[in-house]
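Subject: Structure handover

Hi,

Here is the structure we talked about, with my notes below it. Please load it before you read on.

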Amino acid sequence: MQGSPNELILGLLANSAIKFKSEDFRLVQMIGSAQIAFLVRSDMLVDIDSFLAYAKKAAQDGKPLSYASVGPGSFYHLLGEQLSKETKIPMTHVPYKGAWPCTAGSHRRSD
């Protein structure tokens with residue numbers, strides 16, 4: 001199988017019919033790696049510490065920040081939930097129906 005943590009971990013959490021365990025598999029060869037970026041609005045000039053201070057104040061004011069993901073139970077959703085849990089800062093998850101539909105030509109720049 002060629003896959004990622006999504007196939008080995010998230011499926012088990014989302015579907016009780018799946019009977020295999022991640023321990024049933026072993027890594028044969030790493031074929032790539034990916035960086036994950038933390039993005040905010042372009043008008044927010046912040047680093048992670050000042051962002052978390054901003055998010056904490058917003059939550060205390062009764063206006064928790066929202067974050068988006070490609071859908072409920074996705075890796076990105078769980079990363080957001082983990083950040084919220086570890087920092088004890090409530091945030092609102094906004095799920096989308098999936099990843100951006102990048103088809104041939106749909107990502108062309110307009111300049």
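Start with the outward side of helix 2. The face turned away from the buried side of this helix carries Asp-49, Lys-57 and Gln-60, which are exposed. Bear in mind that this is a predicted model.

Now the other side of helix 2. Phe-51, Leu-52, Ala-55 and Ala-58 are buried there.

Some geometry for helix 2. The helix covers residues 48–60, which makes 13 residues. From first C-alpha to last it reaches 18 Å, close to the 18 Å expected at 1.5 Å a residue. At its start, a side-chain oxygen of Asp-47 comes to within 3.2 Å of the backbone nitrogen of Asp-49. After the helix comes Gly-62, with a positive phi near 80°.

Next, the core. The largest nonpolar core has nine residues. They are Met-44, Phe-51, Leu-52, Ala-55, Ala-58, Leu-65, Tyr-67, Ile-89 and Met-91. Helix 2 gives the most to this core, with four residues. Met-44 also deserves a look in the viewer. Setting aside residues up to four places away in sequence, Met-44 touches Phe-51 and Tyr-54.

Then His-93, in strand 2 (residues 92–95). Is His-93 buried or exposed? Its relative accessible area is 18%; the cut-off for buried is under 20%, so His-93 counts as buried. Two side-chain polar contacts involve this residue. One joins His-93 to Ser-69 at 2.6 Å. Another joins His-93 to His-77 at 3.5 Å. Neighbours within four places in sequence aside, His-93 is in contact with Tyr-67, Ser-69, Gly-71, Pro-72, His-77 and Glu-81.

Ser-69 turns up again with Ser-74. Ser-74 sits in the loop between strand 1 (66–69) and helix 3. Ser-74 is buried, at 13% relative accessible area. Not counting residues up to four places away in sequence, Ser-74 touches Leu-10 and Ser-69.

On to the aromatics. How many aromatic pairs does a search of the whole structure find? The search finds three. Take Phe-20 and Phe-25: the ring centres are 5.5 Å apart and the planes are at 85°, so this pair is edge-to-face. Phe-75 and Tyr-76 also form an edge-to-face pair, with 5.6 Å centre to centre and 75° between the planes.

- Phe-20 is partly exposed, at 30% relative accessible area.
- Phe-25 is partly exposed, at 37%.
- Phe-75 counts as partly exposed, at 31%.
- Tyr-76 is partly exposed, at 43%.

Two loop residues are left. Asn-15 lies in the loop between helix 1 (5–14) and helix 2. Its relative accessible area is 36%, and Asn-15 is partly exposed. A polar atom of the Asn-15 side chain lies 2.8 Å from the backbone nitrogen of Ala-17.

Lys-88 is in the loop between helix 3 and strand 2. Where does its phi lie? Phi of Lys-88 is near 60°, a positive value in a residue other than glycine. Lys-88 is exposed, with a relative accessible area of 71%.

Last, the whole chain. There are three helices and two strands. From the N terminus on, the elements run α-α-β-α-β. The chain has 111 residues, and 16% of them count as buried. Among contacts between residues at least 6 apart in sequence, 51% join residues at least 24 apart.

Best wishes

Key. Residues numbered from 1 in each chain as written. Predicted model: local features only at pLDDT ≥ 70, side-chain atom pairs only at ≥ 80, totals over all residues. Heavy atoms only, no water. Expected span 1.5 Å × (residues − 1). Buried < 20%, exposed > 50% of the residue type's maximum accessible area, 1.4 Å probe, protein only. Polar contact = N/O pair within 3.5 Å; in protein donor to acceptor, adjacent residues only side chain to side chain. Core = buried A, V, L, I, M, F, W, Y, C linked by side-chain atoms within 4.5 Å. Contact = heavy atoms within 4.5 Å. Phe/Tyr/Trp six-rings, centres within 6.5 Å; stacked < 30°, edge-to-face > 60°.
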